[in-house]
Amino acid sequence: MELNADFNTRVLIHSDDIPWQPSPMAGVDRRMLDRIGDEVARATSIVRYAPGSKFSAHTHTGGEEFIVLDGVFQDEHGDYPAGTYVRNPPTTSHTPGAAEGCTIFVKLWQFDPDDRTQFRVDMPKDLARVDDGIYMKTLHKDARETVRYVRLEADKTLEEAPTGGAEILMLRGEMQEGADHLHTGSWLRMPDGGSLGLKAGTEGAAFWIKTGHLPFAVAPSV
């Protein structure tokens with residue numbers, strides 16, 4: 001399966017417009033944003049766990065990173081409330097679920113194969129002010145990518161021209177990027193060579209952003 005697999009193309013998806021599709025596990029549904037592969041795939045998705053649902057134990061051969069959007073995600077390593085960013089690199093394993101239900105944004109098979117850095121972090125905690133009305137926190141940085149959490153106050157603008165493309169998930173508020181309007185749940189992928197002009201709406205905006213990674217986008221090796 002290939003979905004939004006041309007990484008030289010700009011893509012904007014308002015995830016609330018996508019129907020939920022069942023996963024192989026009962027009670028776990030997903031909205032696919034991009035994908036190369038079938039059940040083993042380089043994939044970006046929003047996944048919803050019904051209360052009491054869980055996946056069977058599995059190992060992340062290609063790594064997994066996710067954001068908890070609502071509810072509490074759980075595995076044998078602990079509880080992960082909304083606002084948590086997690087990186088589970090290649091070779092890690094767990095048995096994920098949600099006793100009360102949750103929704104996550106998840107990316108699979110997008111790690112450096114040699115990456116072994118595993119962590120979780122509360123994204124909004126300890127933001128640094130980088131300019132008037134602009135706050136950021138670097139969540140992860142390596143030779144392939146930089147991952148940040150950004151909060152803009154009302155009507156503030158952030159301009160960047162990231163090498164290696166960019167990917168944004170809107171977490172709260174509204175924002176303009178060129179002629180496009182983004183709101184909570186919007187997902188934007190911009191190819192290498194483009195530039196971003198992000199202007200928050202009257203209520204401000206908060207978003208997750210990854211840059212530099214698109215030249216490394218390949219199908220999973222199985």
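User: What should I know about the model before I start?

Analyst: The model is predicted, so local features need pLDDT of at least 70 and side-chain atom pairs count only at pLDDT 80 or more, while totals for chains, interfaces and linings use all residues. Residues are numbered from 1 along each chain as its sequence is written, and side-chain values use heavy atoms, with hydrogens and water left out.

User: How many salt bridges does a search of the whole structure find?

Analyst: Here is the idea. Side chains of opposite charge can pair when their charged atoms come close. A salt bridge is a side-chain nitrogen of Lys or Arg within 4 Å of a carboxyl oxygen of Asp or Glu. Searching the whole structure gives 15 of them. One joins Arg10 to Asp180, with the closest N and O atoms 2.9 Å apart. Arg10 sits in the loop between strands S1 and S2, and Asp180 is in strand S20, 170 residues apart. Strands (E, at least two residues) and helices (H or I, at least four) are DSSP runs, numbered from the N terminus.

User: Why does Glu167 count as buried?

Analyst: Buried means under 20% relative accessible area, exposed over 50%, and partly exposed in between (1.4 Å probe, protein chains only). Glu167 counts as buried because its relative accessibility is 1%. Lys107 is also at 1%, so Lys107 counts as buried. By contrast, Arg10 has 33% and is therefore partly exposed.

User: Which residue meets Glu167 in a salt bridge?

Analyst: Lys107 does, at 2.7 Å from N to O. Glu167 is in strand S19 and Lys107 in strand S13, so this pair ties together parts 60 residues apart in sequence.

User: How do I read aromatic pairs?

Analyst: Rings of Phe, Tyr and Trp (its six-membered ring) pair if their centres lie within 6.5 Å; planes under 30 degrees apart are stacked, over 60 edge-to-face, and the rest tilted. This structure holds seven such pairs. In one of them, Tyr49 and Phe73 are edge-to-face, 5.8 Å centre to centre with 85° between the planes. Both residues, Tyr49 and Phe73, are buried.

User: Where does Arg87 lie relative to Phe111?

Analyst: A charge sits over a ring if NZ of Lys or CZ of Arg is within 6 Å of the ring centre and within 35 degrees of the ring normal. Arg87 lies over the face of Phe111, 4.3 Å from the ring centre. Arg87 also forms a salt bridge with Asp115, at 3.5 Å between the closest N and O atoms.
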